[in-house]
Amino acid sequence: MKRQFGHRVGGRLAKKPRLIEGGKSQRFPCDEKERACSSLGASPTATDPVEAVEEGRLQRLSQSCSRELGLMPRVAEVGRAVKLFESEECTLPFVARYRRGYVGLPEEDILRVHKQLDRARAVEEKRLKCVKSLAARQALDEPTLRYLCSSDCRAEDIADIMASRAPQTKRKTKAQAAIDAGFGAAADLLLRTAREACSECRMDVQRLLQRAEIETSDGEAQVEAAVVAIVSYRLAHDQDVRCTCRTVLESRARLEVEAVVETTAAAKKPPKGGSKAPQQSHDGFKRRLDKVKPHEWLAIKRGEAAKKLRVKIAFADTNQLYDSLVGRYLGHGHAICLCAKSIPAAIRKAVDTVEKSLAREFRSERLTVPSEDFAIKTFTDNVSVKLMCPPLRVEASTAVVGVDPGYAHGNKCVVVTATGDVVDTFKFWTHPKTGVPGPEELANKVSQWGGRLVVVGDGQGSHEAVGAIRKVLDPQLRAGICVVDECGASVYSAGAVATAELPGMDISFRGAVSIARRVLDPIAEYVKLDPKNIGVGLFQHDMPPKRLDSALAQSVQWCVCQVGVDLNTASVPLLKYVAGLNAATATRIVEYRVANGRFKCREALKKVKGIGAIVFQQAAGFVRIYGGTEPLDSTGIHPESYDRARQLKLLMSTHGEDLNSLLQYLTCDEDSEQARTTSAEVLTELVEAGKDVRLEHPERYRPPEIEYPPYKALCDNGVLEVGANLEGSIQNVVSFGAFVHLKCEESVTGLLHVSNLLPMITLDSLTVNQRVSKDGADPAAHVDHAQPPDD
């Protein structure tokens, strides 16, 4: 039986290149005898299959990334980036910042390559697993190995090879039982006979057994069922059949959802608020797979996990596929014979089997993986915006008061200095009873410590606390009031980081410390939290933990490296996100700093245990040392470029600060493009020394809104109801809108749906911390759904 692999090109099936061996065209054998005769061990020129796969790994990764990203004309540049990431184990921030000239790609393309590389690595793992499995079964011939080692072999081709050569079955199938009973030769004979055209075929069960030289006491019906089972099994695991089915069915796959009928009394109760439950809203959902939106599939999956929805992937109008396969495997002249009866039945069973397999594949590859990628991207984008929020600079002699609002146990308050050190703690009650302090206690503390800012968390009781603070604060103190997102503060207060940072402090005050520090240095404070608790995700609790943690760690690392870290003041949670460092090396850095005092230069970092030349190379450019022995240590210039920086500083003193005029005076022995790019970056660092990257994009990275005197008399309380116009600030931006924390009597989050945005506003223009108001200063928020903060 002849067969070969196929892959998709422009929506149609294109044939794979045939594998040439000894000047003779060969295709992939499927028959067990052919596999045994052409196994890898029988080939005199065969090499270790694992080594053969590993040899071409970098080239395949480069080809895959270039092909998927549309960068085939720049495959050489992509290859250099892949080599840095794979062979030299460089981090993304280091490559994007200090090796951009060597790679020859812009920063955004380097980011895309790094992201695509994760998917390409997953394919390589499947490729290696396939080779090992086939080699262990002695089912790996040299043409198959050669094809597996080529960049043309994609994930779906690997799956087809595994299905045909090494099917993963944990139970004995009817086909295997029939083969063990000796009917394999009869099935092969029937397949060959059926494909041969004839004038009039008279094949029946007795003739089939006689020609196959098989003796059995089973009846004709049992023999026929056994032969059909073997034929359907082999067709269902045939690479050509699977490829054809995938090509035809992928455009006809539909997602169908229906609600699970519950009969219990609790299930019959109407949902709170009178609206439909999310699961009920998806009852009767039917749509083509390519039309299903990521958030829709994630919501459906959640309903399925809760056993509220039943999900099915159905294929419409498969008769054309069935007729095509019958025409391929049943030749002309077969009308009333065994072939005409058995082959169509076997094909029908094979198509059903392949449909079930493809349904699982499409569910994973066409729905789950893209939806999870989208959700993780949404999460990391929002986390990045929140981490990159500009810090508030306050005078060294002033203080900031953090307020963690509450009702029964009062408002927990702390006073922190401009550097974040806690100097006082206290409580006050918004509506005090006899014997407990009222809001005047906060006013006294602000006056006592020279407070310039009161930071209030946006949790329950926030609205009342802010109103009370407005009444008691003396306008002459010029103290500002701002409300910040307190997501994760309670988790932080009970965690190990808070225990180590604030030993002996009552756990109820630790959340207020986190709230106060979030305006002084947001990125240094947010890195202490589990990113999943920052409150800006899309179904983040439903994501695979490893993928989510890896993506979030890379996102946080990117933000930390963009800003830079003060080596002499940074905490362990912040240092561990510096490129090249981890929790262990960050802990050793802090221990070394405590034992030996401040770092005076970047080179001193090499004295820390565990930081060798490679780690130093990755991390040095992202740490800062202020007031040290080397002035360049306070910039983002890498130590390997210090000579060039000094050369540029000398030229700047004589030729001004014009970039183009300065570059022509530089002489470098290395590649000119790399030298030119590096010199331009060094010069930019020198010219813009001390500039905070978080202040460069105020339209994207927004600090919390601060209210200064004269304070509002009382906040205009909006009524929480569907259709209400309320003020608030954006906490989370997702594909279908933005979640807005509303300023009203209750602490709730409202959905600003994308369909309700003003005509001149797009979803891409909305960012975390952006103010939305009813006066039109920013996009008006029409509340579609109000709910407590959740995913």
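**Helix packing and an open sheet in a predicted model**

Helices H19 and H26 are roughly parallel to each other, a term applied to angles under 35 degrees. Here helices (H or I, at least four residues) and strands (E, at least two) are DSSP runs numbered from the N terminus. The model is predicted, so that local features need pLDDT of at least 70 and side-chain atom pairs pLDDT 80 or more, while totals for chains, interfaces and linings use all residues. Residues are numbered from 1 along each chain as its sequence is written, and side-chain values use heavy atoms, without hydrogens and water.

The axes of H19 (residues 338-387) and H26 (residues 545-563) come within 9 Å and cross at roughly 30 degrees; axes are lines fitted to C-alpha atoms, for helices over the stretch in contact, and angles run from 0 to 180 degrees between N-to-C directions. Residues in contact (heavy atoms within 4.5 Å) include Phe379 and Leu387 of H19 and Leu548 and Cys559 of H26.

An open sheet of mixed pairing is formed by 6 strands in the order E10-E9-E8-E11-E12-E15, where two strands pair if DSSP finds at least two bridges between them. The edge strands, E10 (422-428) and E15 (706-707), each pair on one side only. Within the sheet, E8 (residues 399-404) and E11 (residues 451-457) pair in the parallel sense over 5 bridges, and Val455 in E11 is the bridge partner of Gly402. Helix H24 (residues 507-520) packs on the sheet, touching E8, E9 (411-417), E10, E11 and E12 (480-484), and its direction makes about 50 degrees with that of E9.

Key:
Parallel < 35°, antiparallel > 145°, perpendicular 65-115°, else oblique.
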